[in-house]
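User: I would like to see how the terms used for a structure follow from its numbers. Please take me through some of them.

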Amino acid sequence: MRNNERNEKLHRSFDLIDDEFIVEASPQSAKPMTSIINRRIKRLAFLAACICIVAGIAISPFSYIFNKNNVPVSNMIYSAEQVGDFFGEGNFDGATKAYTQVFVPDEKYLYIDALTTEKYLTVYEMRNAGKAIDEEEFHDFISYVLPKLCAEMNVAVPAYETKRINDSIATLASLENMHFSQDSTSKDFHLYHLPSSDLVIEVDKRKSDAEIIQDLEPIKEKLFYIFGTEFSDIKILRDYHQSGSSADVDIYVYFYDSDAHPLNNHLDTPVSDYIALEFDGSLGYMGENTDEDIISDVSIRYTDFMSDPYARYVPVKKLKAISLEDAEELLYKGYVFGGHSCTLCMQEQAPVDFKDYDHVDLEYVRGFNNMEILPFYAFYKYTGDADNGNKIYAKIYVPAIKVSGYKKYFEDQEKYHLVPTETPTE
């Protein structure tokens, strides 16, 4: 029986004892025994206090784990200027596009998800969380991965050297196409452009994401064996090009755990441990592509972080989300981000009217020059076809949280661009 259960039963038993028996069991002659009990109680109390202190010291570095689901709600309101700085738009180094362009053969490769119904959205902050470099651990990492990888490739294990560089350690170039490294944040492996060997990894870009995932199942198991890990989820991203053949596409496959951190579902690259396959779809890059539908030029990455993702991407506050209708009103006013958004800048490219936009998504964006990650509505508008036949979508951002000072900020942007580029001499 557990102590807690025993104590609970004992307390319940006390309620059943008549008061007269308690009095009889506590005569004045029992005082010597009372002093002994008091001394024992004091000793136990002191021991318990020590245990609590030690436990508190041990647990405190990981307190974020227990608080990650209790993120405080804040009434903070960002300014439009802060958001502009967030995107790096405060530098004013000349006219830039007011929107970015995305090229896809089909809208399904925009990977648009259903909008959240949450009333409050979390703001995250990137923090440095890791541990000191451990050279023995680094060599163990290489010694574990390299022989198994070479065995799968059916090549000899190459000689290599390691070098300590400031706050990191890495292998030198003696490992052909391979690179191991470790810093305070993670242990990393990168094999650039897998050479011809018994380890063949390829994808058929004509197939759907689900079909590619199925085709990669045997390779997934080999990768899990090589790196001594396994993940429950797979996601695929495709990056199509504006020029060249419409068939040119880079395909990124990530093996990861989607529930390891909420940002894994909002950022392209997972913030927790992952294995990545990066397929270079530039035709003829390696001079060996005989079938343009099959991509065999692949790089392999493995990242093993030194700390919990919640320690590196900390949920710091929840802010009230604005409605899609409110975001659309800001969109139509031109209060948008993702590049300069003033009317003078818009003259540098064909203006896009987003009033009949085609898609909207909720995305988290990393700050350009700060450590925050903020939520935005991302609006997409189809604007025509590229020369290679791919569809062109203009993409622009509107903060998904309340922001102040829009009017003044965007008026100031226009005023700035009216200033001459050279100051006249007196």
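Analyst: Start with burial: a residue is buried under 20% relative accessible area, exposed over 50%, and partly exposed in between (1.4 Å probe, protein chains only). Phe376 and Tyr397 are both buried. This is a predicted model, in which local features need pLDDT of at least 70 and side-chain atom pairs pLDDT 80 or more, while totals for chains, interfaces and linings use all residues. Residues are numbered from 1 along each chain as its sequence is written, and side-chain values use heavy atoms, without hydrogens and water.

User: What makes Phe376 and Tyr397 an aromatic pair that is edge-to-face?

Analyst: Rings of Phe, Tyr and Trp (its six-membered ring) pair if their centres lie within 6.5 Å; planes under 30 degrees apart are stacked, over 60 edge-to-face, the rest tilted. Here the centres are 5.8 Å apart and the planes 70° apart, so the pair is edge-to-face.

User: Why is the contact of Asp412 with Lys408 called a salt bridge?

Analyst: The term requires a side-chain nitrogen of Lys or Arg within 4 Å of a carboxyl oxygen of Asp or Glu. The closest N and O atoms of Lys408 and Asp412 are 2.8 Å apart, so the contact qualifies.

User: How do you know whether Asp412 is buried, partly exposed or exposed?

Analyst: Its relative accessibility is 32%, so Asp412 counts as partly exposed. Lys408, at 58%, counts as exposed.

User: What makes Lys148 a charge over the ring of Tyr225?

Analyst: NZ of Lys or CZ of Arg must be within 6 Å of the ring centre and within 35 degrees of the ring normal. The charged end of Lys148 sits over the Tyr225 ring, 4.5 Å from its centre.
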